[in-house]
Amino acid sequence: MTRPTRAVALAELPAIGPAVVTMGVFDGLHSGHRAVLQATTAAAAERGISSVALVFDPPPGELLRPGSAVPRLAPLAVNLAGIEAAGIDRAVPIRFDEELRKLSAEEFLEGMTPAIELRGLAMSRHSSFGRDRAGTVERMQQLGAQQGFSVVVVEPVEVDGVPVSSTRIRAAIGAGDLPAAQRLGVTPYLEGTVVVGDRRGRELGFPTANLRFDYLPAMPPLGIYAGRTTFAGRPITPGQPSLISIGTRPTFHPGGDLLAEVHLLDVDEDLYGMRLGVDVVARLRDELRFDGAAALVEQMRRDAEMGRTVLESS
């Protein structure tokens, strides 16, 4: 059975049967997430049952703080695929809405039945869920003793003495500290559909793919970056060295809108309508305004040379 392609209500869970379950947003699948997923799959394998990750969408913070929007480290579909690639049998997106927010931890677990027969619950040491976040590790251990499921407690993964979190990674990306984000287990990632721009890059000999996003991505600051196009249709080979421009194109459009553009090194193909996923590996320079097209092209040539060098060594 395939996973749902959209977030579903708790009552719409697909029939899974006996399982060890973990839950969370899992945005970006950082090293802390991977530790929880590994513990979940190991506990399920010991019991000979399924491992399940319930993935909340949208992030609870957006409902708890109306009008807010949480930048994503990756689109939901990418996170779900990554969870299953990590060994989880079923990654199921659960719609986090007002109805779900009001459920107590006990009501949440009850709502998983009969689709899931809970045999184990994997939680990080300081995590909690349910109304008023009362579903702590200690409370679940009490409830598990009554209802016949065990609690797998996962110690937090720390880097530089501080637990790894998606919030910490977003802050690093927003500050332009890509090495810090990578130490925490995430390379910044952007995924969007290529749309028609003003074709200025093609005129200059550096065709770019303008990305339109259907989610709010966690963006690095304005600048030029080296990266790899890791996801695309034919004829692009995954891992294609690329330059990424995040900016307003001040040489030709002072005060213009923010754009993310990708130039695939050594590729000149019609990419319109294609969906591209790009790992943003390293920052090359700030966005600059040039006196004219010739100066811009000369800098773009230097960017391409520097980008190749950076990617070859990374």
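Which strands does helix α10 lie across, and at what angle does it run to β13? Before I answer, a word on the basis: this is a predicted model, in which local features need pLDDT of at least 70 and side-chain atom pairs count only at pLDDT 80 or more, while totals for chains, interfaces and linings use all residues. Residues are numbered from 1 along each chain as its sequence is written, and side-chain values use heavy atoms, with hydrogens and water left out.

To the question, then: helix α10, residues 293–312, lies across β10 (223–231), β11 (240–247) and β13, and runs at about 100° to β13. Contact here means heavy atoms within 4.5 Å; axes are lines fitted to C-alpha atoms, for helices over the stretch in contact, and angles run from 0 to 180 degrees between N-to-C directions. Helices (H or I, at least four residues) and strands (E, at least two) are DSSP runs numbered from the N terminus.

β13 belongs to a barrel that 6 strands close in the order β8-β9-β12-β11-β10-β13, with antiparallel pairing, where two strands pair if DSSP finds at least two bridges between them. Neighbouring strands of this sheet are turned by 45° against each other on average, direction ignored. Strand β8, residues 189–195, pairs with β13, residues 275–285, over 5 bridges, and L190 has V278 as its bridge partner there. With β9, residues 209–212, strand β8 forms 3 antiparallel bridges, and V195 stands opposite N210. Because 6 of its 7 residues are buried, β8 is largely enclosed by the rest of the structure; buried means under 20% relative accessible area, exposed over 50%, and partly exposed in between, with a 1.4 Å probe and protein chains only.

Let me turn to the other sheet, which is open and has 5 strands in the order β3-β2-β1-β4-β5, with parallel pairing. β3 (90–95) and β5 (150–154) stand at the edges with a single partner strand each, so one side of each is left without a neighbour in the sheet. The twist averages 30° from one strand to the next. Strand β2, residues 50–57, is joined to β3 by 6 bridges, with F56 opposite I94. Helix α3, residues 76–85, lies across β2 and β3 at about 145° to β3, whereas helix α6, residues 137–147, lies across β4 and β5 at about 155° to β5.

Next, the largest pocket, whose volume is about 1400 Å³. Its lining comprises 47 residues, of which G24, V25, S127, S128 and R133 lie nearest the centre. On a 1 Å grid over the protein atoms alone, a pocket is an open set of points where a 1.4 Å probe fits, with protein on both sides within 12 Å along at least five of seven lines, and lining residues have an atom within 4 Å of a point. Grid points are joined across faces, edges and corners, and the volume is the space filled by probe spheres set on them. The lining divides into 23 nonpolar, 15 polar and 9 charged residues, where Ala, Val, Leu, Ile, Met, Phe, Trp, Tyr, Cys and Pro count as nonpolar, Asp, Glu, Lys and Arg as charged, and the others, Gly among them, as polar.

Finally, some backbone details. D57 and P58 are joined by a cis peptide bond with omega about 0°, and P58 is placed in the loop between β2 and α2. D132, in the loop between β4 and α6, has a positive phi of about 60° although it is not a glycine, and D132 is exposed at 72% relative accessible area.
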